[in-house]
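Please open the model in a viewer and keep the selection tool at hand. The stops below are meant to be visited in order.

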Amino acid sequence: MKSYDVVALGELLIDFTENGVSEQGNPIMEANPGGAPCNVLALLNNLGKKTAFIGKVGNDMFGQMLAGEVEKSGTDVSNLVFDDQVHTTLAFVHTKPDGDRDFSFYRNPGADMMLKKEEVMEEVIKGGRIFHFGTLSSTHEGVREATRFAVDVAKQNGLLISFDPNLREPLWDSLDDARREIEYGLSKCDILKISDNEVEFMTGTTDYAKGAAQLQEKYHIPLIFVTLGRDGSRAYYKDLAVEVKPFLQEGTIETTGAGDTFEGCALNYILDHGIENLTEDNLRELLTFANAGASIITTRRGALRVMPTAEEISRLAAQRS
């Protein structure tokens, strides 16, 4: 018996999102708990799964707030480390009229970059069924070493590896560095969740079927999800290619957490059904549920605190049946 369904390593930070203006006309910024890995875990907790997080925050008011919120969401935080010298990473999110976002990061350095290899608890990883990570934990040398150590432990102990590139261009010294670290993740993962712009970044094509085929051929990834924003999502598995339309809602505010919600829904399905013998019907069911979850989170500010419940997602997904 495993202690955890999913163990994730990566960034935990504050997303400052716009929430109106003050009486003086100044923008009001709301401090939302964020960071892609913990967003994924929070969604999985809502779906009844057991999760654990590996990462680092500053020993400051934001770090304490984040630790409390992640624990409250149901995630094990025994391997969440506090840094007494470096502050918690902050991200300021500017929302565009179409709901898309630009990010300004205060992370030079930020505490999430300070995680060391020796601070990673092997027993936490060994206790999981799936290990999930992205590239924000590979932007700098120290945390990159910690991430690769964790991936190696996961591989050696038979965990499925889930990878989300989560490309944030402003955080890289060069895009060549970003490409190299994404290639590392692609070479290690069993489950890939990649956005349309990341497919284009890695393959040079906007033909996403062709891009996915390139990634499958080069890296032998068993299961690839391509998220297409307002155009839905696709799954590529063995010789199957399945596409499902999105659930577009008038109440959409912003897209923060949409990809993470999709990821959590997808991993939940794999945990329940395995990865060995998925059918076209399985993939369609998975994508429909994941698209519904992603749609719901776009109607809410922030992500980690407001992840949808299984009942909410199922109710929306049922509209397609």
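**First stop: helix α2**

The model is a predicted one.

Now consider the length of the helix. Helix α2 covers residues 61-73, and at 1.5 Å a residue its 13 residues should span 18 Å; the C-alpha atoms at its ends lie 18 Å apart, so expectation and model agree.

At the start of α2, Asp-60 places a side-chain oxygen within 3.2 Å of the backbone nitrogen of Phe-62. Just after the helix, Gly-74 adopts a positive phi of about 110°.

**Second stop: the nonpolar cores**

Select Leu-12, Leu-223, Phe-225, Leu-287 and Ile-313, the residues with the most contacts inside the largest nonpolar core, which has 55 residues. Helix α9 (residues 280-297) supplies the largest share of this core, nine residues. Another core, of 43 residues, lies apart from it and includes Val-7, Phe-131, Ala-150 and Leu-228.

Return to Leu-12: among the residues that it touches are Leu-66 and Val-70, as well as Phe-53, Val-57 and Leu-80.

Move to strand β3 and select Asn-32. Is Asn-32 buried or exposed? Its relative accessibility is 6%, and therefore Asn-32 counts as buried. Its side chain makes a polar contact with the side chain of Thr-17 (2.6 Å). Other residues in contact with Asn-32 include Leu-13, Asp-15, Arg-301 and Gly-302.

How values were computed:
Residues numbered from 1 in each chain as written. Predicted model: local features only at pLDDT ≥ 70, side-chain atom pairs only at ≥ 80, totals over all residues. Heavy atoms only, no water. Helix = DSSP H or I, 4+ residues; strand = E, 2+ residues; numbered from the N terminus. Expected span 1.5 Å × (residues − 1). Polar contact = N/O pair within 3.5 Å; in protein donor to acceptor, adjacent residues only side chain to side chain. Core = buried A, V, L, I, M, F, W, Y, C linked by side-chain atoms within 4.5 Å. Buried < 20%, exposed > 50% of the residue type's maximum accessible area, 1.4 Å probe, protein only. Contact = heavy atoms within 4.5 Å. Lists of a residue's contacts leave out its neighbours within four places in sequence.
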